[in-house]
Amino acid sequence: APTAPDTVRSASGTAASTQPTAMTPIAPADRLLGAYQSMYEEPAQLVLRDRAAWEAAWRRAGGGEGAPPAVDFARDAVVLVAMGTRPTGGYEARLDGVSTDGAATIVHATFVSPGPSCMTGQALSAPVAAARIRRPAGEVRFVVRELRQDC
């Protein structure tokens, strides 16, 4: 079972000072990608506002040979979080939900790390997740919660 979060960090990596309220969970139908392997070697937090950007991110995320899931970019955008390369398996990137803070859209994500007692695959991993959200009008910020999971 997951334990309490180690740290809550903003997109800039600094500790978050406040928690936005009224987070709306991302619906299962809007979860477009969740993978343990990708070509995102460095951490990334992206807002994709057009088909070309989404297709490039899909390929880099290892989404498969075919086209990515369809998105109506006149109405929606895609958010993507990547953990970057990790030394073993047992890591996971999750997109949890969206809230607002004034005119800003806040994307809530969780990066899960295996605890010291977890058995993990001894191969590099690079977790990534992507989801469809309503197209944001203003600034988008990511709040990433880091969670160590006990096995």
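The model is predicted; local features need pLDDT of at least 70, side-chain atom pairs count only at pLDDT 80 or more, and totals for chains, interfaces and linings use all residues. Residues are numbered from 1 along each chain as its sequence is written, and side-chain values use heavy atoms, with hydrogens and water left out.

The structure holds 1 disulfide, defined as a pair of cysteine sulfur atoms within 2.5 Å. A disulfide is a covalent bond between the sulfur atoms of two cysteines. Here C118 pairs with C151, and their sulfur atoms lie 1.8 Å apart. The link is right-handed, with 100° about the S-S bond. It joins distant parts of the chain, 33 residues apart. C118 sits in the loop between β7 (104-114) and β8 (128-134). C151 falls in the segment after β9 (140-149). Helices (H or I, at least four residues) and strands (E, at least two) are DSSP runs, numbered from the N terminus.

Accessibility was classed as buried (under 20% relative accessible area), exposed (over 50%) or partly exposed (in between), using a 1.4 Å probe and protein chains only. C118 is buried, at 13%. C151 is exposed, at 64%.

D72 lies in the loop between α1 (51-60) and β5 (76-82). D72 counts as partly exposed because its relative accessibility is 41%. A polar atom of the D72 side chain is 3.1 Å from the backbone nitrogen of A74. The C-alpha atoms of D72 and R132 are 9.4 Å apart. Along the chain, D72 and R132 are separated by 60 residues.

Methods: A polar contact is a pair of N or O atoms within 3.5 Å; within protein, one must be able to donate a hydrogen and the other to accept it, and residues adjacent in sequence count only if both atoms are side-chain atoms.
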